[in-house]
Structure formats: structure tokens, C-alpha cells
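I opened my notebook to write down what I look up here, one entry at a time. The model comes first, then my notes.

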Amino acid sequence: MSNFRTLLVWQKSMTLITKIYSLTNKFPKEEVFGLTSQIRRSSISIPSNIAEGFGRESDKDLLRFLNISVGSLFEMQTQLEIAKNISYLKEEDFNNLYEDSREVERMLVSFIKKVKDRTKP
């Protein structure tokens with residue numbers, strides 16, 4: 001792997017951000033500094049931390065940043081559920097985003113396992 005942009009998990013998380021921005025544009029304007037901002041920031045954190053970890057010198061650092069990405073993903077999933085519960089997101093939109101986020105989650109967990117396996121003596 002020569003570049004983080006070649007990672008499918010990074011690409012999928014970037015696609016997820018695009019969908020997040022599109023749907024949060026429909027949230028009430030009074031939420032722009034509230035839930036809208038929180039969802040966007042946590043979603044942006046996912047590929048950003050993958051990229052940052054990829055640029056570090058050790059697998060230990062990479063793992064730390066990948067784990068931060070997982071935390072941001074869980075944060076985003078929770079915020080999306082809140083948005084659905086207060087009717088900012090339609091059930092169908094939530095389900096689509098949630099499934100996309102679960103795919104990224106599975107890919108991240110798999111990547112973390114792969115990096116851990118290569119660090120074992």
C-alpha cells in the first residue's frame with residue numbers, strides 16, 4: 001500500500017461523508033451548529049484519522065488512529081440514530097446511511113486485525 005487513497009475503507013468513508021452532507025443539508029437551520037455540525041465532524045474524522053495513521057512511522061501509531069476512526073464511526077452512528085428519532089432523517093435514509101456505516105465499520109475492524117497480525121512476532 002503506497003497511499004492511503006488506495007485503501008477501499010478510506011474511499012468508502014469518503015463516499016459516506018458525501019451522503020452525510022447531502023442529507024444533513026435538509027436538517028433545520030437551527031441545527032447547523034448542533035447536530036448537523038456534530039454528525040459532519042464525526043464523519044469527517046473517520047477518513048481523516050485513517051489518512052493520518054497511514055502517514056505515521058509505525059504500525060502502533062497506525063492502530064491508534066484506526067481505533068480513533070472506529071470511535072468516530074460509532075459516534076456518527078449514534079448521532080444518526082438521534083437524527084432519526086427526532087425525525088430529521090427518514091427511516092429509509094437512516095437505514096441506508098447505517099448500512100453504509102456498518103460496511104465501513106467491518107472494513108476498519110478487518111484492517112485493524114490485519115495490522116495487528118503483521119505486528120506479531
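This is a predicted model: local features need pLDDT of at least 70, side-chain atom pairs count only at pLDDT 80 or more; totals for chains, interfaces and linings use all residues.

**Entry: the fold**

I went through the elements next. I found four helices and zero strands in the protein chain. Read from the N terminus, the order is simply α-α-α-α.

**Entry: overall size**

I then checked the dimensions. The C-alpha trace spans about 50 × 25 × 20 Å along its principal axes. For 121 residues, a compact globule would have a radius of gyration near 14 Å, and the protein chain has 15 Å, so the two agree.

I wanted to know how much of the chain is covered. Buried residues account for 41% of the 121 residues. The protein chain exposes about 7,100 Å², and carbon and sulfur atoms supply 52% of that area.

I also looked at which parts of the sequence meet. Counting contacts between residues at least 6 apart in sequence, I noted that 73% join residues at least 24 apart.

**Entry: S13**

Now for a single residue. S13 sits in helix α1, which covers residues 8–24. Is S13 buried or exposed? Its relative accessible area is 2%, so S13 is buried, the cut-off being under 20%.

What does the side chain of S13 have within reach? I found the backbone oxygen of W10 at 2.8 Å from a polar atom of that side chain. Setting aside residues up to four places away in sequence, S13 touches I46, P47, I50 and V104.

**Entry: K12**

I moved to K12, which also lies in helix α1. K12 is partly exposed, with a relative accessible area of 31%.

Which residues does K12 contact once neighbours within four places in sequence are left aside? I wrote down E103, V104 and M107. V104 was already in my notes as a contact of S13.

I checked the spacing of K12 and V104 too. They are 92 residues apart in sequence, yet their C-alpha atoms are 6.5 Å apart in space.

**Entry: to keep in mind**

V104 is in contact with S13 and with K12.

Notes:
Residues are numbered from 1 along each chain as its sequence is written. Side-chain values use heavy atoms; hydrogens and water are left out. Helices (H or I, at least four residues) and strands (E, at least two) are DSSP runs, numbered from the N terminus. The radius of gyration is taken over C-alpha atoms; the globule rule is 2.2 Å times the number of residues to the power 0.38. Buried means under 20% relative accessible area, exposed over 50%, partly exposed in between (1.4 Å probe, protein chains only). Contact means heavy atoms within 4.5 Å. Accessible areas come from the Shrake-Rupley method with a 1.4 Å probe; for residues, only the protein chains shown count as cover. A polar contact is a pair of N or O atoms within 3.5 Å; within protein, one must be able to donate a hydrogen and the other to accept it, and residues adjacent in sequence count only if both atoms are side-chain atoms.
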